[in-house]
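Dear colleague,

Please find below the structure that I am handing over to you. My notes on what was found in it follow directly after.

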Amino acid sequence: MGEHILTTVDWARAQFALTAMYHWIFVPLTLGLSFLIAFFETIYVKTGNEEWRKLTRFWMTLFGINFAIGVATGIILEFQFGTNWSNYSWMVGDIFGAPLAIEGIFAFFLEATFFAVMFFGWQRVSKGFHLFSTWMVAVGSNLSAVWILVANGWMQFPTGMAFNPDKARFEMQNFWEVALSPVAVHKFTHTTSSAFVLASLFVLGVSALFLLQERHQKMAKRSMVVAAAFGFVASVFVGLTGDEAAFNVAHHQPMKLAAMEGLYVGQVKAPIVAMGIINASKKPGDDLPAFYQETKIPGLLSLLANRDPNSFVPGINDLVFGNAERNIVGAEQRMITGKIALAELAHYKYARETGNETEAASALALFDQYKGDLGYGYLNSPAEAAPPVATTFYSFHIMVVLGTLFPLIFLLVLYFAFKGSLEYQRWLNLLCFFSIFLGYVAQQAGWVVAEVGRQPWAIQGLLPVGMASTNIAASNVQTTFFIFLTLFTALLLAEIRIMMQQIKIGPEA
Amino acid sequence: MTSLPKQLYLFYRDGFRSMLVGRTLWKIIAIKLFIMFAVLKLFFFPNYLETKFNTERDRAGHVLENLTRMPPAR
């Protein structure tokens, strides 16, 4: 029975996931729509055509609604760090504290200046300065996402730091190594470009609704052409950055890659599962089949992971139990060295407290030798090193399937727009409308892959989530979970309602 | 010729006055920020280490104690 009781850590994780997922409903639309508005306004300034100004202002209103409802929802995540994840926030404070504070100040000044000009300045500043402000909002909004994504990238691939055993803190050793780590760079480029795709789908969907209702057709078609062109380019970029992101996952988080493909036994010419029904009951090391049904493309996972279709890709079993033939040290072995690191850390702490510096130095030397496996010392069984495979697998495949569908939609829109028959393609307009929802599904699925796929780690290999949390009562976190659920649902409903009202009104007369 | 601070003041004042849907949005922002900072942060989200410990040394000691206690991982 006890196994089914949700602990503080479970509630803290659920609360963080809930907040992050709701937050990520608002953010990507802001990131992408800001650029689309900048494109629309650029066309207006270039052509002087008033229709483009009206169109720009319409999308700007929807942007404003989304921004206003979503603003500061991310701050709740920072509240949670201090209360629910105090061990974690203490340990990473030296690395993330200042950049995240700078980001907050930067965002405030950006919003207070260029946002104000963008919304209030239509008749008050020159066309050129207004356009400049709109571009600054687009660039600034996207730049304000840099640090939080760098922080996330660091958690997936901790680099440029050293652990200080006296302060129990990771301290930054090399700023550029943290900021420009390949995982951080690709996290930023992949995330922002996918946000551009979502915003393009949003513009397509709302415009398609106008076409279906036979309202504002000229404006709708103009919006769709720009959005489809931007969305297609962004989709290509999403594919390229996604490929790079997967390459990084293969080298820095091989367990996540194996879970993404449900690969239990490593192999050369490792396939990608194009379609499959995964066996959710399977555990590392057992004899159950990994899939009930599957369609594979041979060699593609090897190509993705190592740029070589004939290369070896380790499976979950290799990474859990080790594979001597392939020189892979498994979690089983790393648990042993991790426990040595932990014991020596405790030893060092005791020696320092009792003033025995010789013993402290000896313990520290041993700790330094094994500290790379520190997190494994907290695991109770090697299988705990594997993430929930079914969730990771399905999320990854949903994301990829949708990511493949979207550029096709953009191409179809461009094709029919240039043929001059977009308004007659009812099926395509319906597809565009429902693609708004699909865009959000892809966004959320992407984050599920990134975050569920890296379990059990809060910081890859160094700190499991169970150790990152605070020892507080589960009921405290449970209460605030339901408060957030209510608050965010109310905000989402408010956003949808106000947006629908504005869409009903349409562009200004 | 009005001074720059006055121009800025008038810019923001007129901007806020001319808002339509913006008025509703500002109300939502105000309510949201009130709930977040005056209710949630104040009553539900104290900074655990800052409220329980007075010095950086004590906070570090507490975290180090947690790290070396080795409770079951998840």
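Before anything else, one definition is needed: two residues are in contact if their C-beta atoms, placed from the backbone, lie within 7 Å. Domain bounds, which are also used below, come from an automatic or database domain assignment.

The model is predicted, so local features need pLDDT of at least 70 and side-chain atom pairs count only at pLDDT 80 or more, while totals for chains, interfaces and linings use all residues. Residues are numbered from 1 along each chain as its sequence is written, and chains are lettered from A and ligands numbered from 1 in the order in which they are written.

**The domains of chain A**

The domain assignment of chain A gives domain 1 (9–257 + 383–505) and domain 2 (265–326). Taken over C-alpha atoms, the centres of these domains are separated by 31 Å. Where they meet, 13 residues of domain 1 of chain A are in contact with 12 residues of domain 2 of chain A. On the domain 1 side, two or more residues come from each of helix H9 (217–252), helix H10 (254–260) and helix H15 (389–419) of chain A. H9(A) gives the largest share of that side, four residues. By class, the domain 1 side has 12 nonpolar, no polar and one charged residues. Here Ala, Val, Leu, Ile, Met, Phe, Trp, Tyr, Cys and Pro count as nonpolar, Asp, Glu, Lys and Arg as charged, and the others, Gly among them, as polar.

**The overall form of chain A**

Chain A has 18 helices and eight strands; helices (H or I, at least four residues) and strands (E, at least two) are DSSP runs, numbered from the N terminus. The radius of gyration of chain A is 25 Å, close to the 23 Å that the globule rule gives for 509 residues, so chain A is as compact as a globular protein of that length. That radius is taken over C-alpha atoms, and the rule is 2.2 Å times the number of residues to the power 0.38. Along its principal axes, the C-alpha trace of chain A spans about 80 × 50 × 45 Å.

Buried residues make up 50% of the 509 residues in chain A. A residue is buried if 20 or more other C-beta atoms lie within 10 Å of its own, exposed if 12 or fewer, and partly exposed in between, with C-beta atoms placed from the backbone.

**The nonpolar core**

A nonpolar core is a set of buried Ala, Val, Leu, Ile, Met, Phe, Trp, Tyr and Cys residues joined through C-beta atoms within 7 Å. The largest one has 162 residues, and those with the most contacts inside it are Leu36(A), Trp59(A), Ala199(A), Leu204(A), Ile316(A) and Leu463(A). Helix H1 (residues 8–47) of chain A gives the most to this core, with 17 residues. Leaving aside neighbours within four places in sequence, Ala199(A) is in contact with Pro28(A), Leu29(A), Gly32(A), Leu33(A) and Leu36(A).

At 1.5 Å a residue, helix H8 (residues 182–212) of chain A should span 45 Å, and its end C-alpha atoms are 44 Å apart, which agrees. The expected span is 1.5 Å times one less than the number of residues in the helix.

Most residues other than glycine have a negative phi, and most peptide bonds are trans. Glu214(A), in the loop between H8 and H9 of chain A, has a positive phi near 55 degrees. His216(A), also found in the loop between H8 and H9 of chain A, has a positive phi near 45 degrees. Which of the two is buried, and which exposed? Glu214(A) is exposed, with 9 other C-beta atoms within 10 Å, whereas His216(A) is buried, with 20. Elsewhere, the peptide bond from Gln455(A) to Pro456(A) is cis, with omega near 15 degrees.

Chain B has four helices and zero strands. Its radius of gyration is 23 Å, but a compact globule of 74 residues would have one near 11 Å. Buried residues make up 15% of chain B.

The contact between the chains takes 45 residues from chain A and 33 residues from chain B. The chain A side divides into 30 nonpolar, 11 polar and four charged residues.

With kind regards
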